[in-house]
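Visitor: I have the model open and would like a walk through it. Can we start with how the helices pack?

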Amino acid sequence: MKRILLALIVALVALSGLNAEKKEIDSFRIVTPRTTGMGNAYISMAKGFETLWTNPAGFDTQKKELNILALNASVLGNYTELTALGTIDSSNISGLLNTLEPVLIGSGAGANVGAGISWVGKRVGIGIYDSFNTYLQGEPFPSGVEGFVDNTVSLMGGYAHPFHLTDSITLSAGLVLRPSLKWRLEIDGKLISDALDKNFDAQSYFNEKASEPSFGVPVDIGARAVFAHGLSAALTVRDIYATYAGGSATYDYYTPWSVNAGGAWNPDMKGLKWLIDPTIAVEFSNLNKVIAGDAGIWKELHIGLELVTLKKVLTVWAGLDGGYPAVGTSLDLFILDLSIAYGTTEYGRYLGDRPVSNLTIEVSFRID
Amino acid sequence: MNRKIASTIIISILLTILLSSCNALLNPSSFFSALDKPDTGALSKMTGTKLLDALADQHGSKTFYEELSDSEAGRIDAELERLQQSGDESVRSKAALAQVELTVMTNPVVRDTINSIADLLIPDDHVVMDTAAIVGKLTTALDPIKNDPAALAEFLRDMSKISESYGKVSTGTVGPGDMQTFMVAAVFATIVDVYPGDMDTATVALSAFLVNPNAPLELTLLPVSVDVQAFQAKITGAAGKVLTLTTLAHLAGLETLADTITDALTGK
């Protein structure tokens with residue numbers, strides 16, 4: 001067993017050195033109304049298909065969920081700036097550029113679309129999801145604008161195991177692997193430079209840079225302890241060895257690992273539970289970055305509230321994501337779930353640097 | 001008891017969120033932003049490569065540059081000036097690039113001017129521009145200060161400083177944004193150059209152009225001894241400021257962008 005582990009470690013280290021030039025990217029994630037609406041405080045309340053990329057300890061549940069099809073779509077950017085884009089006169093280049101400038105040097109503009117199918121329950125979670133992401137921001141405008149177009153197909157599978165520590169404390173520990181194919185194109189200085197040339201052929205450029213996907217197998221581990229009085233605590237380590245190598249991309253890509261911790265309280269509302277079933281969650285994300293001084297604790301603080309009401313037909317979310325307010329709601333109509341949420345996440349070094357708002361909707365056909 | 005506590009907490013959170021969400025929709029601001037600020041005082045007292053590393057960590061942070069007091073910015077600027085005399089090529093280049101960012105981020109008019117040249121880089125095929133029209137485009141962001149000699153002088157000084165700083169960059173990571181920033185700064189630095197040692201007259205000339213942008217440049221912006229062709233040559237001629245752009249383009253691996261930017265700012 002030791003030999004196998006040693007061989008595995010050697011292979012991973014060798015693979016990580018295949019291509020010297022590496023670029024940091026965000027973690028695989030599908031933006032959902034539930035996580036957005038709760039200010040991204042989710043690891044201690046991970047449930048259903050979100051467990052596949054939030055906290056694998058959530059696989060240890062008696063509740064089964066089959067996502068026949070989940071479709072999520074989000075628009076990223078500052079709402080005021082983005083609505084100005086609707087007034088663009090495409091025949092007037094000067095007007096077009098004047099409208100784009102405040103958007104791209106401000107919060108930027110982007111989108112996230114996710115779709116997939118999954119099964120979660122009885123300690124196991126499996127699914128296949130496609131996450132399409134794009135985002136553009138930077139200055140000076142237009143030469144300094146940077147961004148990316150990223151499409152990742154991820155086959156996810158994991159397991160969680162319960163440990164009954166005492167009569168009132170149960171610890172669940174889980175692991176999920178996400179073998180993923182990533183097609184990614186950097187929108188950088190080279191592309192901007194080429195695009196400013198009159199002979200620029202966008203089709204050829206895209207074919208050359210994003211024809212072959214890179215491949216990686218990120219791993220998440222997580223634990224959740226459930227205590228008496230509806231209290232719970234969770235800890236996750238995400239993106240262990242999240243390196244995507246190979247393919248036609250200029251770079252190998254990696255997502256830095258992160259340590260996240262949180263807690264939740266789901267008070268027993270007894271006879272009123274059918275009417276109102278609240279859960280309050282608090283989470284600190286990227287604790288390793290906070291300890292290293294690379295991120296502020298307030299930016300990484302997430303507070304969320306989930307109110308399940310009317311026999312689970314209507315759910316309302318509210319939260320603070322680094323202090324930015326978030327709201328959302330969901331309607332459960334038998335197998336059809338409709339959800340919408342609005343929140344803001346800080347993309348910059350400090351709160352106030354670059355708040356990026358996010359309007360997200362979900363339509364899913366789900367049996368749970 | 002459990003239900004009472006839960007209800008109180010839930011109602012408090014909901015009320016807070018609801019009251020703030022309308023404003024947040026249009027203009028998101030964090031309740032915690034006052035708690036998440038850089039220690040500008042400590043950073044401004046740093047020296048040497050420690051300062052360069054600390055500034056690299058703050059790269060692009062609007063909050064950091066907004067929080068810097070004038071005296072802190074002055075201390076950092078003086079140390080960066082000193083580091084640009086270093087015998088170490090890497091230190092010299094890093095200090096020069098850091099000084100450019102400090103100058104751009106602490107002068108909103110400089111920043112707006114550099115961001116306002118998109119329609120020169122992506123021109124409308126139907127519009128032909130001469131030098132006066134190009135300078136007119138470059139000075140759009142100066143409108144609010146056109147009658148403020150002190151602000152105009154500071155603007156010209158900052159643009160000259162940016163142009164000079166880029167001249168000391170010979171290694172390191174440079175991007176297309178640096179090329180755009182340099183070339184805009186180079187145009188204004190050339191206005192200063194044509195009035196050697198006389199910033200006051202350069203400021204008056206720029207003010208005269210802003211007040212009367214349709215008059216020939218020789219009657220407003222340029223001294224009698226320098227015509228438009230000579231002015232252009234100081235930017236794009238064999239010994240002109242374009243040489244620095246060529247160095248930056250080489251470092252960035254973006255030689256074709258250098259041509260695009262040069263053409264845009266000379267009306268070719």
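**Helices, strands and the interface**

Guide: This is a predicted model. In chain B, helix α11 (residues 176–193) and helix α14 (residues 242–252) pack at an angle of about 175 degrees, and their axes are 9 Å apart. That angle makes α11(B) roughly antiparallel to α14(B), because anything over 145 degrees counts as such.

Visitor: Which residues in α11(B) and α14(B) meet?

Guide: From α11(B) they are P176(B), D178(B), M179(B), F182(B) and M183(B). On the α14(B) side they are T244(B), L245(B), L248(B), A249(B) and A252(B). Sorted by class, this contact has eight nonpolar residues, one polar and one charged.

Visitor: How many helices and strands does chain B have?

Guide: Chain B has 15 helices and zero strands. Of its 268 residues, 40% count as buried. If you take contacts between residues at least 6 apart in the sequence of chain B, 73% of them join residues at least 24 apart.

Visitor: What is the mean pLDDT of chain B?

Guide: It is 88, and 86% of the residues of chain B reach 70 or more. For the complex, the predictor gives an ipTM of 0.85 and a pTM of 0.87.

Visitor: Now the strands of chain A. What does β4(A) pair with?

Guide: Strand β4 (residues 124–137) of chain A is joined to β3 (residues 109–121) by 13 bridges, and the two run antiparallel. In that pairing A111(A) stands opposite T134(A). A further 14 bridges join β4(A) to β5 (residues 146–164) of chain A, also antiparallel. There, D130(A) stands opposite V153(A).

Visitor: How many residues lie between the strands in the β3(A)–β4(A) hairpin?

Guide: There are two, and K122(A) takes a positive phi near 55 degrees in this hairpin.

Visitor: Which face of β4(A) is covered?

Guide: The covered face holds G125(A), G127(A), Y129(A), S131(A), N133(A), Y135(A) and Q137(A). The uncovered face holds V124(A), I126(A), I128(A), D130(A), F132(A), T134(A) and L136(A). In a regular strand, side chains alternate between the two faces of the sheet. Two residues of the uncovered face, D130(A) and T134(A), have come up already: D130(A) as the one opposite V153(A), and T134(A) as the one opposite A111(A).

Visitor: And what lies beyond β5(A)?

Guide: Eight bridges join β5(A) to β7(A), and these strands run antiparallel. The partner of N151(A) in β7(A) is W183(A). Six of the eight residues of β7 (residues 180–187) of chain A are buried, so this strand is largely enclosed by the rest of the structure. Three bridges then join β7(A) to strand β8 (residues 214–216) of chain A, again antiparallel, with K182(A) opposite S214(A).

Visitor: Which residues does G174(A) touch?

Guide: Leaving out residues up to four places away in sequence, G174(A) touches P56(A), A57(A), F59(A), D60(A), G158(A), Y159(A), A160(A) and G222(A). P325(A) is 151 residues from G174(A) in sequence, and their C-alpha atoms are 31 Å apart.

Visitor: Last topic: in what order do the strands of the open sheet in chain A come?

Guide: The order is β1-β12-β11, three strands with mixed pairing. β1 (22–24) and β11 (242–244) of chain A stand at the edges with a single partner strand each, so one side of each has no neighbour in the sheet. Neighbouring strands are turned by 25 degrees against each other on average, direction ignored.

Visitor: How many bridges join β11(A) to β12(A)?

Guide: Three bridges join β11(A) to β12 (residues 252–255) of chain A, and the two run antiparallel. T243(A) has Y254(A) in β12(A) as its bridge partner.

Key: Residues numbered from 1 in each chain as written. Chains lettered and ligands numbered in written order. Predicted model: local features only at pLDDT ≥ 70, side-chain atom pairs only at ≥ 80, totals over all residues. Helix = DSSP H or I, 4+ residues; strand = E, 2+ residues; numbered from the N terminus. Buried ≥ 20, exposed ≤ 12 C-beta atoms within 10 Å, placed from the backbone. Contact = placed C-beta atoms within 7 Å. Pairing = 2+ DSSP bridges. Axes fitted to C-alpha atoms, helices over the stretch in contact; angles between N-to-C directions. pLDDT = per-residue confidence, 0-100. Parallel < 35°, antiparallel > 145°, perpendicular 65-115°, else oblique. Nonpolar A, V, L, I, M, F, W, Y, C, P; charged D, E, K, R; others polar.
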